Amino acid sequence: MEGFTLPVLSVIVFVPIVAAIIILFINEDNRDLIRGIAITSAVIVLALSAAVYFSYNGQVEALSSAQAAMENPAELADIGAQGIASKLFADGLFFEEQVTWVKALGIKYHVALDGLNAPMVLLTGMVAVAGVLISWDLERTREFMAFFLLLVAGVYGVFISIDLFTLFFFYELAIFPMYLLIAGWGWKERREYAAMKLTLYILVGSVVALIGVIALVFTAQDFYLNNPAIFEAGKSLGIISADASELSFNMKQLMLAAENGAFNIPVFGSDVLTFSTFWFPFIFIGFAVLAGIFPFHNWSPDGHVAAPTAVSMIHAGVLMKLGAYAALRVGVQLLPDGARVHLPWIVFLTLINVVFGAFIAFRQRDFKYVIGFSSVSHMGLVSMGFATMNVTGMTGAGLQMFSHGAMTALFFGCVGMVYDRAHTRDIPSLGGFVKRMPWVAVAFIVGGLTSMGMPGLSGFIAEFPIFQGMWAASENIALKIGNFTLTNYYSVIVIFAALGIVVTAAYVLRVAAQVFFGDFDDKKYPHIGDILPRERIILFLLGVPLIILGVYPSIMAPMITTGVNPIIALLGGV
Amino acid sequence: MEVNFSDPNFLPWLIPVGPLLAFFIITLATNRARLVPATSHEYGGHHPDYEGMLVPVATVPSRILSVTVGLAGVIMALFFSYTVAFSAFGEHGFGAEVVYASNIAWMATGDTAFRLGVFVDPLTVIMLIMVPLAVLMIFIYSIGYMAHDPRQSRFFALISLFAGAMLTLVVADNLLLLFVGWEVMGLCSYMLIGFWFEKKSAYKAAIKAFITTRVADVVMLLGIVYLYYATGTLNFRDILYNPELLEQLAATPALIFGSWGISAASIIGIFLIVGTIGKSAQFPLHVWLPDAMEGPTPVSAMIHAAAMVSAGIYAIIRIYPLLEAGGNPHYGILSQPMVLMAVVGSFTALFAATIAVAQNDVKRVLAYSTISQLGFMMAALGIGAYIAAAFHLITHAFFKALLFMASGSVIHGMEHGEHHVHEHAAHGHDDHHHDDHHGHFDPQDMMNMGGLRKTMPVTFITFLIGGFSLAGFPLITAGFWSKDEILADAFYGLTKGYGAHALVFIMLAVAAFLTAFYTMRQLGLTFWGEPRTEVAKHANLGRGLVSFTMTLPLIILAFFAITAGFVGVPPDFPILGPIFSPEHNAFHYFVIETLHPAFQAEAPAVNAIPVLTSFVVALGGLGLGWWMYWRKPLVAGEEDPLVGILGPVHTVLKNKYYIDEIYVAVFVKPSQAFSRFVIDFIDRGILDGILHTIARVATWIGDLFKVLNTWLIDGVGDGIPDGIFDFGGWVRRIQTGHVQEYLLVVLGAVLVIGIILALSTGILQAAG
């Protein structure tokens, strides 16, 4: 779009891949060159991500006024079909690129930026740079950096995909190096187990989702064949380029089908089950496994603990968001009817996530497990935001994705820095580290305050709308099981979730007190000094955005709202 | 919008800026410290816990910078506050027609932007008079008190932030900004209570304070969120000056418990009150406050008087119309939140007063008296005595800041004395008292004191003034007038036959009696009689800057502890009324304009019974204390006469009704057990159990294939068996984990299977 003529999103995806390939050709002994290439590519990617983010943010205002105009009835009549949500979505796409990949199957390489993925792109860039910096002295630098950059590319690819096939392609591309990184560089005692557990959970989840998606694509094709009028209307919106008989993985096209009821057809000859209500749980939970949804969260703490620091950072910081993001993008956005039926019970799972994760984190003796379970807890809030099915709650979920991403990466960074020096993660045997590593202590406390929702930090900015969305949803959402109808229970759930956050405060302070305060044992840790400048960069890179977003949320919140609006329009909510 | 800081509408923005700026300057400019052994003379010897450790010591330039910048920040805040306040005093119709307010758009949510801003109305003005003044006194006092602390810069940075947060809270024009100040204060209190973090007890107290208030804060946040959802705004003026909106809220059933007759206004009110119960340390969330004295004494003064706990009461005074909505206390109709306040407040007032009676720690007595006095304010609000609560908030802040700093001086003096005695002993002078001072000598234990009036006369006189004001010594102390006004309001309701008012009147009268008694007990044990230990004999503040900066604030605050009450003398009070309030009760007249006319109520006429009650309880309590502790002061080794009189009751009181122990048994242990259950049974047991079972079955199938392979197929041919063997081996390898090279195969296989399945489903769909 404006100001950019180069295919910037593709550059963001392919720079790490190219860098990874180059690195593989360099001699292992030439570590400085390897690091140099890795950090250069990560910085380029971060700079481009920031550029597209702020460029997009500049458009948001213009965009929202355009959307306001769109809602006036005269223009609605022009559109003809009820394609408002897909139009909103289409209007919100920037830096769009598409190239046909496999014509016969309708597969395209199709990427674009909108209000939902732009913050994720920025976050990925931040964590990529931080991850390279923190892995500076790792053994077998060459392989590590190559796999790490490949992982970064995969993550980027998922976030910016508009074509579902592209999305799956990158999704699997991200999981593959992840496995190798954990199994190869992780904590020796558990890495094989953890890497296996993590990979299998995620693979099974994604396969379940993939099956659903393929069914979806065929159903949409069928729908367009039977409803040429809608197909024509879609063409007039400029969102469908293919022939009606052609398969399409294009989300815009699938969204238009969803808006017009393509997925409300009955399946299995049942009166109750529709395509949408049948497939939604598979697609949503299939992806949400990666977001650590209860009871499929168990891979995550084990995986995070066993992974090397950089991988923990990118995994908890970005990959878990990938799951949530895909669950929203594919599950809720394409099967809104299913969402309306199923999210009212899925919200209970999210509550369990919040409370369960917090209580477990409270009892851990291992520093890294505390953070691992805290991620389980906080990701529950993201899915809870989705379950509100209103703009406020979903905006909060989007903010929480970014906030938690930066925060948890910061946490893992802090843990890594302490572990590198103390060689233990056993909380009771640490203590007084504030005297030796004051910056780490400050960063940990900033992260901790963010996680417990302290105003002035991004966690609060995210929690507030989620809670508000929960109150607002309480009156509108009911859960029907047979003849039994449960109403107004969101308000009760939000109260329990809020109390879960108190537990967060308890474990964060406990860890801070035991690791950073109290006595420092000079005899046990005689040679521990302050952190290096490159480590300080990591802390600033991940910590400062938490504060900026907390003080000035307008830098992100309206953007996410523009991304959320089309989804809410589909859900028929407010 | 043109910003002009000579305009009082914009001036309030500058009030918190000074201290906040001071925080940043001190933090950024003084982060270098030298590490010296704790035995070094540079380290002043505040805490023997430091022994054998390296402590970072602030350098001299850092010290000078932090003190100067900190002080400058507060003086700046004081200057702007008083400019705004005096401008408000001169304004005609301030409150009803004129308020100072301005705001900016902060975050766009949906169609409307959330606006943050400042707002000054009469209630804000009286806080702006009290807070900066008390904070300034605390800062001056801290110069001396923290003079030798190795982390002096850190202290001034944090306490500046604390002051800045409190001032932000006071000038906030909406609940969200108020909550920001509220939480930042909670954070500062956490860091300051745990300031001496080498001490386990200090950081434990810090965590306790933070978590306890945090529970309440989260509930409060839910209330704020609900209010925002229900009204679409959090601006005080928009909500509280809008009776129709409040009525409508009171008529809407709440989202939860709505079917039990609780309105939206009530549930919001109750949530917000829970926030205050935590912050202002009301029963049952009071447990953090007594432990909070682990921090340096100026911090205690900050928490107990100028900020923190006052903020809790201020917040509910601020939102009072919302709490009243749906009832009218002047006709005896109380909304549910008000009933809650009346019950919690009056109970806490009495409950904490009984505990204070049996404490021997000089600061702990004061801590429980704070809880008790906050209960007075809470109860007053519960019966609609809005102005009396605000009045007591102000007078209490003055005399409680005074009392805490005076007790800090006492402790400082005792530590000084202990130092002296140690040196004395080191020089080989044999003294039979020495045995007392080795090991665990507690400089805060009043049983170790006695006779301090001789060596610390200024501290004694000011402590006496503060104590008498707390006890409500009739006519000449500020505490009398504010407490009397609460009792008068309660009695007025009692004459009408309102139950809540009667409860409040009786509970508070008894609590006031106990207050006077324990104050006199404290004064007697600390200052009267003869020194009970060698340390007490040598207790003094020394000379020079330390002594001066620790004495001056006491004298200034003592002045206010007496005179602050005279702004609120009822005009119809015999003799004194016409002198101090010739036209009207100045405080009442000014502050009542905070409320919308629909909520305003005139003060009841002076009635002899509550006035006499105030006289009797204050003088009676003081008299009893005098009779027990002054007439025949305790000598060394003698037991507190209360122990004999109260017997087992004393043990219960001394142990604070075992509330801490009960909480451990009821909340802490079960939640730990729950965590263990969740980890061991659900997470590792069921969930991982299922997973591992699946894995084991898969391995078993793999092995089975392998066996089948050898047993069944081996004889048939060579090509097929190899393939199956590989498959079996592959499945088995998943378990053992050597799978890197096979991962792509899995991926591919899974994709193929998926596509086949999906295609068939899709075709079925198409066919159907």
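Predicted model: local features only at pLDDT ≥ 70, side-chain atom pairs only at ≥ 80, totals over all residues.
Chain B contains 30 helices and four strands. Of its 768 residues, 54% are classed as buried.

The contact between the two chains involves 54 residues of chain B and 59 residues of chain A. On the chain B side, two or more residues each are contributed by strand β3 (100-109) and by helices α5 (175-193), α6 (200-231), α28 (659-713) and α30 (743-767). Helix α6(B) supplies the largest share of this side, 14 residues. In terms of residue class, the side of chain B that touches chain A is made up of 37 nonpolar, ten polar and seven charged residues.

One residue of helix α5 of chain B, B:L176, was examined individually. B:L176 has 22 C-beta neighbours inside 10 Å and therefore counts as buried, the cut-off being 20 or more. When neighbours within four places in sequence are left aside, B:L176 is in contact with B:I224 and B:L234. The C-alpha atoms of B:L176 and B:Y226 are 12 Å apart, at a sequence distance of 50 residues.

In chain A, helix α11 comprises 14 residues (275-288), and the distance from its first C-alpha to its last is 20 Å, close to the 20 Å expected at 1.5 Å a residue. Of these 14 residues, 13 are buried, so α11(A) is largely enclosed by the rest of the structure.

Helix α11(A) packs against α13(A), with axes that come within 7 Å and cross at roughly 160°. The two helices are therefore roughly antiparallel, as angles over 145 degrees are assigned to that class. Their crossing is right-handed. Residues A:F280, A:I283, A:F284, A:F287 and A:A288 of α11(A) form this contact with A:G323, A:A324, A:A326, A:A327, A:V330 and A:G331 of α13(A). Nine of the residues in the contact of α11(A) with α13(A) are nonpolar and two are polar, with no charged residues.

Helix α13 (residues 309-334) of chain A also packs with helix α15 (residues 367-388) of chain A; here the angle is about 20° and the axes are 11 Å apart. Helices α13(A) and α15(A) are therefore roughly parallel to each other, and they cross in a right-handed sense. From α13(A), the contact draws on A:A316, A:M320, A:A324, A:L328 and A:V332, while α15(A) provides A:S375, A:M379, A:V382, A:S383 and A:F386. The classes represented are eight nonpolar and two polar residues, again without any charged residue. Residue A:A324 takes part in the contact of α13(A) with α15(A) and in the contact of α13(A) with α11(A).

Helix α20 of chain A (residues 533-551) has 19 residues, which should span 27 Å at 1.5 Å a residue; the 26 Å between its end C-alpha atoms agrees with this expectation. The buried residues in α20(A) are A:E535, A:I538, A:L539, A:L541, A:L542, A:G543, A:P545, A:L546, A:L549 and A:G550. Elements that cover these buried residues include α5 (117-134), α16 (391-422), α17 (438-451) and α18 (458-474) of chain A.

Methods
Residues numbered from 1 in each chain as written. Chains lettered and ligands numbered in written order. Contact = placed C-beta atoms within 7 Å. Nonpolar A, V, L, I, M, F, W, Y, C, P; charged D, E, K, R; others polar. Expected span 1.5 Å × (residues − 1). Buried ≥ 20, exposed ≤ 12 C-beta atoms within 10 Å, placed from the backbone. Axes fitted to C-alpha atoms, helices over the stretch in contact; angles between N-to-C directions. Parallel < 35°, antiparallel > 145°, perpendicular 65-115°, else oblique. Left-handed = near helix turned anticlockwise from the far one by under 90°.
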